[in-house]
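Please read them with the structure open.

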Amino acid sequence: MLGKHKDLLGIKALSAEEIMYILKNAQTMKYILMQNNKKTPHLQGKSIITLFYENSTRTRLSFELAAKYMGGCAANVSASSSSVRKGETLIDTARTIDAMGTDIIILRHSMSGAPHLIAKNVKASVINAGDGMNEHPTQALLDALTILEHKGGFEGLKVAIVGDVMHSRVVRSNIYLLTKLGARVALGGPATLLPKGIENLGVEVYDNIDAAITDADVVMGLRMQLERQKSGLVPNMREYSRFFGVDDKRLALAKPDALLMHPGPVNRGIELTTSIIDGKTSVIDEQVTNGVAVRMAVLYIFARKGDGNENIG
Ligand code: CP
């Protein structure tokens, strides 16, 4: 099904059928993940390297756990303690990892397009674990698995994605995925954090979040990316959370059974209040669990491609 793709660089390049194929495999992996004994031989003899130039808790750990649960050999290259510090280029680092017989390289980098660049220079499959402000495909896939488990499908759902749209790679991957699967996406945030032309991706855009959230089936908060902010885009965090943070009152504008989601890490009290993060409609912890299942499926599909067998369903 994904035979034409050596790499998973973004959701933009995938068809609706390919996305559903990954989600179907992730459902099987979720079943394995829920057992007491999670060990499977799906990745026996395969090597997986995580190469992270930016911080991560969820993505890096879930890829590493996924590889280990499936019997793969997983190791991490940390930019801060590798030869990157001695001036080695990204391509040379990737070629070095490739020359060791690595099957999959998982890259997170602050530069949009970095995974695409190394994918052209290595034999290994490259998985994008977040590139600058471009895409974070496995985050959108785990979000989709969570929505699928609760809502049973995507057609006709209204998904409100609110907050710092400008700096979010999560939002781009989610827009591509949700619109391909027939959901309606409504973006909400301050005008200064809504990129010009984003409506051309087939989404509704509101410069207040109440309109975006009203009657939504899913409300997804985005992290205020303090580390990517240029000064002046928002007045201050207190003002931001007053006008653009989601609290109980704003969440009540959504449908009564609306899911509350967030990719994490959350700035508590800025984009979401603690009462809703820990409230009964929050599925934020389920998103984390589903991150392992989705990454198990992605690793399996992309590691086995060379063996001519990628179907576990
Ligand atoms: N959502 C996400 O990418 O989290 P991490 O930065 O912890 O990997």
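1. The axes of helix α2 (residues 58-69) and helix α11 (residues 284-304) come within 8 Å of each other and cross at roughly 60°. That makes α2 oblique to α11, oblique being what remains once angles under 35 degrees (roughly parallel), over 145 (roughly antiparallel) and 65 to 115 (roughly perpendicular) are set aside. Axes here are lines fitted to C-alpha atoms, for helices over the stretch in contact, with angles running from 0 to 180 degrees between N-to-C directions.

2. This is a predicted model, in which local features need pLDDT of at least 70 and side-chain atom pairs count only at pLDDT 80 or more, while totals for chains, interfaces and linings use all residues. Residues are numbered from 1 along each chain as its sequence is written, and side-chain values use heavy atoms, without hydrogens and water.

3. On the α2 side, Arg-58, Thr-59, Ser-62, Phe-63, Ala-66, Ala-67 and Tyr-69 meet Gly-291, Val-292, Arg-295, Met-296 and Leu-299 of α11 (contact: heavy atoms within 4.5 Å). The residues of this contact divide into 7 nonpolar, 3 polar and 2 charged, with Ala, Val, Leu, Ile, Met, Phe, Trp, Tyr, Cys and Pro counted as nonpolar, Asp, Glu, Lys and Arg as charged, and the others, Gly among them, as polar.

4. Of the 21 residues of α11, 17 are buried, so this helix is largely enclosed by the rest of the structure (buried: under 20% relative accessible area, 1.4 Å probe, protein chains only).

5. The buried residues of α2 are Thr-59, Ser-62, Phe-63, Glu-64, Ala-66 and Ala-67. Their packing partners include β1 (47-52), β2 (73-78) and α5 (137-151), as well as α11.

6. After α2 comes Gly-71, with a positive phi near 80°.

Key:
Helix = DSSP H or I, 4+ residues; strand = E, 2+ residues; numbered from the N terminus. Buried < 20%, exposed > 50% of the residue type's maximum accessible area, 1.4 Å probe, protein only.
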